[in-house]
Amino acid sequence: WNLDIRYQARNFWLRILHHKLSCRRVLHKLLPHDYPSPLCPICSLSIEDEDHFIYRYPRKWLIWKEVLQDLLLIPISYQDVENAVYKLHFPTNPPRVSSSIIFTSILEHIWKSHWQFIFNNVPFVPQHIINRIHSYLIERTLGKELPHSPPSLHLST
């Protein structure tokens, strides 16, 4: 794991890779009294398995598709996302930021937004999440190019 990613994103990704994601299908199976339904708490239409939690839910897929197509400039399929998330096979890097950072940002923002909906009733609005992802990536990209401290000025008298 040489990816330059934040702890929260790494934790979420490891949960995915080890099939330890707290999706409703799993919670319902383990704790049926506390989780009487395996349905997605956001859409209430589909069983929330790992794939639905990560990218198959249509509003989450919209986030993946828009961010990746905006930044990678290529059409994106479910298979592309599966390869990146489960096999760490990323599409070609765009200029300025690696594909792994883009995928990590999407995962992290989907994770946070999902749980904000669950615990704080914050609506799951794809465009807001897309905007936050873009802002984060811009900030991260600019942060790498800017010096950490201003250059010293040599004033001659």
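Student: Where does the charged end of lysine 60 sit?
Tutor: In this predicted model, the charged end of lysine 60 is placed over the ring of phenylalanine 53, 4.3 Å from the ring's centre.

Student: And is phenylalanine 53 buried or exposed?
Tutor: Phenylalanine 53 is buried, at 0% relative accessibility.

Student: How many aromatic pairs turn up in the whole structure?
Tutor: Searching the whole structure gives 12 aromatic pairs. One of them joins phenylalanine 53 and tryptophan 111, with ring centres 5.9 Å apart and planes at 55°, so that pair is tilted.

Student: Which helices hold those two, phenylalanine 53 and tryptophan 111?
Tutor: Phenylalanine 53 is in helix H3 and tryptophan 111 in helix H6. They are 58 residues apart, so to speak of what the pair does: it links distant parts of the chain.

Student: What about the rings of tryptophan 111 and tryptophan 115?
Tutor: Their centres are 5.8 Å apart and the planes stand at 70°, so this pair is edge-to-face. Both tryptophans belong to helix H6, 4 residues apart, which is about one turn of the helix. Tryptophan 115 has 18% relative accessibility, so it counts as buried, the limit being under 20%.

Student: Which residues do ring pairs link into a cluster?
Tutor: The cluster is made of Phe12, Phe53, Trp111, Trp115 and Phe119.

Student: Switching to charges. How many salt bridges are there?
Tutor: The count is 2 salt bridges. In one of them, glutamate 82 pairs with arginine 56, and the closest N and O atoms are 3.1 Å apart. Glutamate 82 is in helix H5 (residues 78–87) and arginine 56 in helix H3 (residues 50–56), so the bridge ties together parts that are 26 residues apart in sequence.

Student: Which ring has arginine 56 over its face?
Tutor: That's tyrosine 78: arginine 56 lies over its face, at 3.9 Å from the ring centre. Arginine 56 itself is partly exposed, with 35% relative accessibility.

Student: And what does lysine 112 form a salt bridge with?
Tutor: With glutamate 108, where the closest N and O atoms are 3.3 Å apart.

Student: OK, the core. Which residues touch the most other members of the largest nonpolar core?
Tutor: Ile54, Ile63, Trp64, Leu68 and Ile106 do, out of the 38 residues in that core. At least two core residues come from each of helix H1 (7–17), H3, helix H4 (58–72), H5, H6 and helix H7 (126–145).

Student: Where does the largest share of this core come from?
Tutor: From H6, which supplies 8 residues.

Student: What does leucine 68 touch?
Tutor: Leaving out residues up to four places away in sequence, leucine 68 touches Leu73, Ile76, Val81, Ile102, Phe103 and Ile106.

Student: Last one: where is proline 41 found?
Tutor: Proline 41 is in the loop between helix H2 (24–30) and H3.

Student: Which residues does proline 41 touch?
Tutor: Not counting residues up to four places away in sequence, proline 41 touches Arg24, Glu48, His114, Phe117 and Ile118.

Key:
Residues are numbered from 1 along each chain as its sequence is written. This is a predicted model: local features need pLDDT of at least 70, side-chain atom pairs count only at pLDDT 80 or more; totals for chains, interfaces and linings use all residues. Side-chain values use heavy atoms; hydrogens and water are left out. A salt bridge is a side-chain nitrogen of Lys or Arg within 4 Å of a carboxyl oxygen of Asp or Glu. Buried means under 20% relative accessible area, exposed over 50%, partly exposed in between (1.4 Å probe, protein chains only). Rings of Phe, Tyr and Trp (its six-membered ring) pair if their centres lie within 6.5 Å; planes under 30 degrees apart count as stacked, over 60 as edge-to-face and the rest as tilted. A charge sits over a ring if NZ of Lys or CZ of Arg is within 6 Å of the ring centre and within 35 degrees of the ring normal. Contact means heavy atoms within 4.5 Å. A nonpolar core is a set of buried Ala, Val, Leu, Ile, Met, Phe, Trp, Tyr and Cys residues joined through side-chain atoms within 4.5 Å.
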